[in-house]
Amino acid sequence: MDIRTIWEISRKEFYEHLKTKRFIIISSLYAIVFLVSVWILSHYSGMMALDFQTIISNTHSSASIFYAILPIALSFDLISGEQMKRSMYLLLSKPVEREEVVIGKILGVVMVICAIIIPVSTVGNLIAGIFRGFPGIDVIGRTYIYLVVVIFACTCYVTLSMLFSVISKTSGISLILSLIAGWFGLNMLYPIALMYTFLTGKFTEIPWYARILYAISPSNDLSVALNIISENSSSVEPISVPQSIVALTIFFITTFLLSVIFFRRKELV
């Protein structure tokens, strides 16, 4: 693979996505929700006895839906959209490998996500710091470690949407699969497993298979990872923070490799 080719593809995706209406709308909504939430919590922090860590943690939680919606909205038509417009044929007519196309497009979308999430989160930290005082370097460091996990979880949704975009004939089908199966469906696996365990009368503790189904969802893993900020060691979540990171890594590797494999075998007709 040629690094320069991957970079050119990712750079092209980056600048194209910055100009799309869906990015402008969703990123603007995300910025509004995040900054308004952190301002409200910071403004009333004295009344509610909230510290910096709690404010930032709750703000990320309130804006967490965008960590799935934004990457899905930007990546559901990465392959199917270009195939429908027939621009994919022009791209592959050049000396470029299909693996380079997949990596370049994923990298381009992740760069766009970073371009909105990192600045908005930084401004949110400044607002909370102005109201509640700036904490130590260790606390600030944990907020940005969590931000890395957020970007990683977004990348997982990008690779998942890329997979659906590869196997779908149209962008509409890819979007439906990404939202219903990839986001909502994965989030529903854990409640269904708990309901099954309860109905069978075996609910003494959370079973192992329910924990696995919980970890399959990047949104659930991201929720657990919030404990990085708060240092909450008594979390009641089904899995631990290290387990959530491992689950995200497995999810990313699986969806990425499947995207590459299916795209290499895909017949563009």
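This is a predicted model: local features need pLDDT of at least 70, side-chain atom pairs count only at pLDDT 80 or more; totals for chains, interfaces and linings use all residues.

Student: Which residues have the most contacts inside the largest nonpolar core?

Tutor: A nonpolar core is a set of buried Ala, Val, Leu, Ile, Met, Phe, Trp, Tyr and Cys residues joined through side-chain atoms within 4.5 Å. Buried means under 20% relative accessible area, exposed over 50%, and partly exposed in between (1.4 Å probe, protein chains only). Here the largest core has 61 residues, and Tyr 30, Tyr 67, Ile 113 and Ile 117 have the most contacts inside it. Helix H9 (residues 137-167) gives the largest share of this core, 15 residues. Helices (H or I, at least four residues) and strands (E, at least two) are DSSP runs, numbered from the N terminus.

Student: What does Tyr 30 touch beyond its neighbours within four places in sequence?

Tutor: Contact means heavy atoms within 4.5 Å. By this criterion Tyr 30 meets Ala 63, Phe 66, Tyr 67, Ile 116, Ile 117 and Val 120, leaving aside neighbours within four places in sequence.

Student: Where does helix H10 bend?

Tutor: The bend at a residue is the angle between axes fitted to the seven residues ending there and the seven starting there. H10 bends by about 45 degrees at Gly 185. Among the buried residues of H10 are Gly 182, Leu 186 and Tyr 190. Just after H10, Gly 201 takes a positive phi of about 70 degrees.

Student: At what angle do H8 and H9 pack?

Tutor: Axes are lines fitted to C-alpha atoms, for helices over the stretch in contact, and angles run from 0 to 180 degrees between N-to-C directions. Helix H8 (residues 98-132) packs against H9 at about 145 degrees, with the axes 9 Å apart. The contact includes Ile 113 and Ile 117 of H8 and Leu 147 and Val 150 of H9.

Student: Is Glu 13 buried or exposed?

Tutor: Glu 13 counts as buried because its relative accessibility is 4%. Glu 13 belongs to helix H1 (residues 3-18). Not counting residues up to four places away in sequence, Glu 13 touches Leu 78, Glu 82, Lys 105, Gly 108 and Val 112.

Student: Why does Ser 174 count as buried?

Tutor: Ser 174 counts as buried because its relative accessibility is 0%. Ser 174 lies in H10.

Terms used: Residues are numbered from 1 along each chain as its sequence is written. Side-chain values use heavy atoms; hydrogens and water are left out.
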